[in-house]
Structures are given as C-alpha cells and as structure tokens.
Amino acid sequence: MDASAGSGNASGGAGAGASACCYYSLLGIRKNASATDVRAAYRRLAMKWHPDRCASDPGEANRRFQRIQEAYSVLSDKGKRAMYDAGLFDPLDDDDQDFSDFMQEMLVMMDNVKNEKPDTLEDLQKMLQDIVSGDGGRVPSDGTRRTRVAPYSTQPRR
C-alpha cells in the first residue's frame, strides 16, 4: 500500500501532484469502498505520514500528508465523491461547493426513487390503454394518483 500512496511522484511539478493521482489508490482502497473503509485508510495513512511523526523527511511527509487529507476530504463527502467518480471534480476550483450540494441533493432524490415500488406490467399496459382511449382519471393499483397532461389543442388558428 505504500507504493500506491506515493504513485503520484511521477507527475513532475509540485503543484500537479494532488490531481495527477487517483484518490482511491492514494488511500489504498477500492472504488466501492464504504465510508468506514475510507475513514480507516485515512487514519492509518495520516498517522504514518503526519509531519510531526515522520522526522526522517519532513518535506516529503508534509506533501504526502496534504495529499492524503485532500483525498479523504473528497472521498468522505458524498457529493464530492460523486463528482470525482464522474470526472467532474476540480480540486483547484473553489466554486465546487455549490455543485457538490446540487449533486448531494440529486443523490438523495435518486435514492428516494429507487425505493419506490415500480409499476407492474399490468399497470403499464393499463396506462397505455388509458393514453390511447383518452381516459386520464385512472388510479394505479398501488393507490397513487398520476396526473395527466392535457393533449395539445387542435383548435384552428385565426
């Protein structure tokens, strides 16, 4: 795991290090790691590379510790992690917080949709029949009421 934590050295410049390395490999975890796994990996590496504990090379320890903190701050935040996984996270952009909040709301809404009971094939067939026949007052078998959008007006223009 030490090799993965230092794999960003090949990036060249000092400023290019954080975004040049995968945060998951930096912490030595898989992409599907749980929040507990992320926290445990962070704590283990933070203790190892904390500048106060690693006196042999304080400059290298400080650089690694900062990168570990950055990886943890992204992967421990659900919104930032979703942005990072989608390739949309820019660690140098300070305006990411608004987009992170938006992504967080979207994830919550997606989780809520996943928990809803899906329509059965019979429900879908009945909806299709209702659409074709023009009957918009149908109540699905699960008791919820769907709204019907009025068809486009076919009145002649003047």
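**Aromatic pairs and a buried valine**

Okay, let's start with Phe 99, which sits in helix α7, residues 96-115. Keep in mind that this is a predicted model. Phe 99 comes out as partly exposed, at 33% relative accessibility. Together with Leu 88 and Phe 102, Phe 99 makes a nonpolar surface patch of about 280 Å².

Now the rings. How many aromatic pairs does the structure hold? Three. Take Tyr 24 and Tyr 84: the ring centres are 5.9 Å apart and the planes sit at 50 degrees, so we call that pair tilted. This one links distant parts of the chain, with Tyr 24 in helix α3 (residues 23-27) and Tyr 84 in helix α6 (residues 78-85), 60 residues apart. Tyr 24 is buried, by the way, at 2% relative accessibility.

Then there's Tyr 42 with Tyr 72, and that pair is stacked: 4.2 Å between centres, 20 degrees between planes. Tyr 42 belongs to helix α4 and Tyr 72 to helix α5 (residues 58-75), so the pair ties together parts 30 residues apart in sequence. Tyr 42 is buried at 17% relative accessible area, while Tyr 72 is partly exposed at 22%; the cut-off for buried is under 20%.

Also, Tyr 23, Tyr 24 and Tyr 84 form one aromatic cluster.

Last stop, Val 38, in helix α4, residues 35-49. Buried or exposed? Buried, with a relative accessible area of 1%. Leaving out residues up to four places away in sequence, Val 38 touches Leu 27, Ile 29, Ala 33, Tyr 72, Leu 75, Ser 76 and Arg 81. And there's Tyr 72 again: Val 38 and Tyr 72 are 34 residues apart in sequence, yet 7.0 Å apart in space, C-alpha to C-alpha.

Note on methods: Residues are numbered from 1 along each chain as its sequence is written. This is a predicted model: local features need pLDDT of at least 70, side-chain atom pairs count only at pLDDT 80 or more; totals for chains, interfaces and linings use all residues. Side-chain values use heavy atoms; hydrogens and water are left out. Helices (H or I, at least four residues) and strands (E, at least two) are DSSP runs, numbered from the N terminus. Buried means under 20% relative accessible area, exposed over 50%, partly exposed in between (1.4 Å probe, protein chains only). Contact means heavy atoms within 4.5 Å. Patches are made of residues with over 30% relative accessible area and no salt bridge: like charges are joined within 9 Å, nonpolar side chains (Val, Leu, Ile, Met, Phe, Trp, Tyr) within 5 Å. Accessible areas come from the Shrake-Rupley method with a 1.4 Å probe; for residues, only the protein chains shown count as cover. A salt bridge is a side-chain nitrogen of Lys or Arg within 4 Å of a carboxyl oxygen of Asp or Glu. Rings of Phe, Tyr and Trp (its six-membered ring) pair if their centres lie within 6.5 Å; planes under 30 degrees apart count as stacked, over 60 as edge-to-face and the rest as tilted.
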